[in-house]
Amino acid sequence: MTPLPFRSLDLNLLRVFDEVMAERSLTRAAHKLSLTQPAVSNALRRLRDALNDELVVRSGQGIEPTPRALALWPPVREALTHLQECLAPGAFDPASASCSFVLAMADATAATLIPPLVKILESEAPGVSLRVLPLTTRDPRPLLENGQVDVAVGYFPAALADLTASVQAGHLVGFDSRRLYHGHYLCVMRQGHPLAAPGALTLDRFCAARHMLVSFSGRPYGFIDEALASLGRQRRVALTVNQFFTAGRVVAETDMLTVLPEHFIPVTGIADELAQCALPFDVPVVHVDALWRSKGPQQAARHWLLQALTRSARQTFPLDTPDGVWDGPQNTGDSPPAPGANYQNKSIQST
């Protein structure tokens, strides 16, 4: 392999590459960089020649990174961010910032947090962009470590338990978490369903019904099944889907039951087609948490984003969780944790 002529490489090309990868569009990247699209295309061509790789190829209405580009992007972005923080240490001015954040969360969570978060961005950080990816794992640490995601919001019991155990054992860990809000779950079915009548949804009838489970992995077992197992009972999961919106639509048109977050039902757009019932057995109050890397670049920017996420949650869940509380041990070697960070948090989104 021919060595890369690093001494002659124009490092401005890496800035263009970072923006193209973040936007997945030459037009949007040019706008963010205040350049013309031909200038961005020319810079990308020069970097392709230097690296001997296409980096991105046309795909539909946008572009698709090559494997080499996907491998290069995290260290390039981290290096650029380190350089920016060295030139302006600890500084993040949302009003003048021009950057992108990548979030991973389920659709029910996004429906709750993203609308108020966008309003905050529009009024306080108009140059900041968001990329929201679907949450497909209960352990997002690899996504956070390789830079694919800045903050993950969801149900990560194994990851948080592992972090808690590591901290209690005196080990350094590279992640922080913050509780955003509590959630309550209800049994949901179509209007007019026989089990929607007052007192009709008994434990026996719940277990005998056909159920649909929201499962990101496709595994037909969730926290409702764990609660039933503790009672020596089980239900029949006849269908799994990976989106809460899909679950609402399916039960509105069938005789299936599903379990959804109470706060999510009004934003489905079909709440008048759905009947809601309390579950006929006890389940714990659930919590939604954010997880992020405690070290690395862009810490000031990420701290601002987390504060904005917390404010977004407060608009829907006022005073649901006190701010500024640090409940768990912190052993990352960093400065004091952000308000509310807690390795012991457990949020539940798979039902």
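Student: Which residues is Leu274 in contact with, leaving aside its neighbours within four places in sequence?

Tutor: In this predicted model, Leu274 is in contact with Val188, Met189, Gln191, Gly248, Val251, Ala252, Ile265 and Thr268. Contact here takes heavy atoms within 4.5 Å.

Student: What makes Leu274 stand out in the largest nonpolar core?

Tutor: That core has 32 residues, and Leu274 is among the five that touch the most other members, along with Phe156, Phe244, Leu260 and Leu291. Apart from it lies another core, of 29 residues, among them Ala97, Val153, Val288 and Phe317.

Student: Why is Ala275 called buried?

Tutor: Ala275 has a relative accessible area of 8%. Buried means under 20%, so Ala275 qualifies. Ala275 sits in strand β11 (residues 274-277).

Student: What does Ala275 touch, not counting residues up to four places away in sequence?

Tutor: Ala275 touches Cys187, Val188, Met189, Arg190, Gln191 and Ala196. As for Leu195, that residue is 80 residues from Ala275 in sequence and 9.4 Å away in space, C-alpha to C-alpha.

Student: Which residues of helix α9 (residues 223-230) are buried, and what covers them?

Tutor: Phe223, Ile224, Asp225, Ala227 and Leu228 are the buried ones. Their cover includes β7, α8 (203-208), β9 (236-241), β10 (258-261) and β12 (286-293). Just after α9, Gly232 takes a positive phi of about 75 degrees.

Student: What makes up the lining of the second largest pocket?

Tutor: Its lining has 18 residues, with Arg24, Trp73, Val102, Leu133 and Gln148 nearest the centre. By class, the lining divides into twelve nonpolar, four polar and two charged residues. Contributors of at least two residues each are α1 (12-23), α4 (67-87), β3 and β4 (129-134). The volume of this pocket is about 330 Å³.

Definitions and conventions: Residues numbered from 1 in each chain as written. Predicted model: local features only at pLDDT ≥ 70, side-chain atom pairs only at ≥ 80, totals over all residues. Heavy atoms only, no water. Core = buried A, V, L, I, M, F, W, Y, C linked by side-chain atoms within 4.5 Å. Buried < 20%, exposed > 50% of the residue type's maximum accessible area, 1.4 Å probe, protein only. Helix = DSSP H or I, 4+ residues; strand = E, 2+ residues; numbered from the N terminus. 1 Å grid on protein atoms, 1.4 Å probe; cavity = no way out; pocket = protein on both sides within 12 Å on 5 of 7 lines; lining within 4 Å. Points joined across faces, edges and corners; volume = space filled by probe spheres on them. Nonpolar A, V, L, I, M, F, W, Y, C, P; charged D, E, K, R; others polar.
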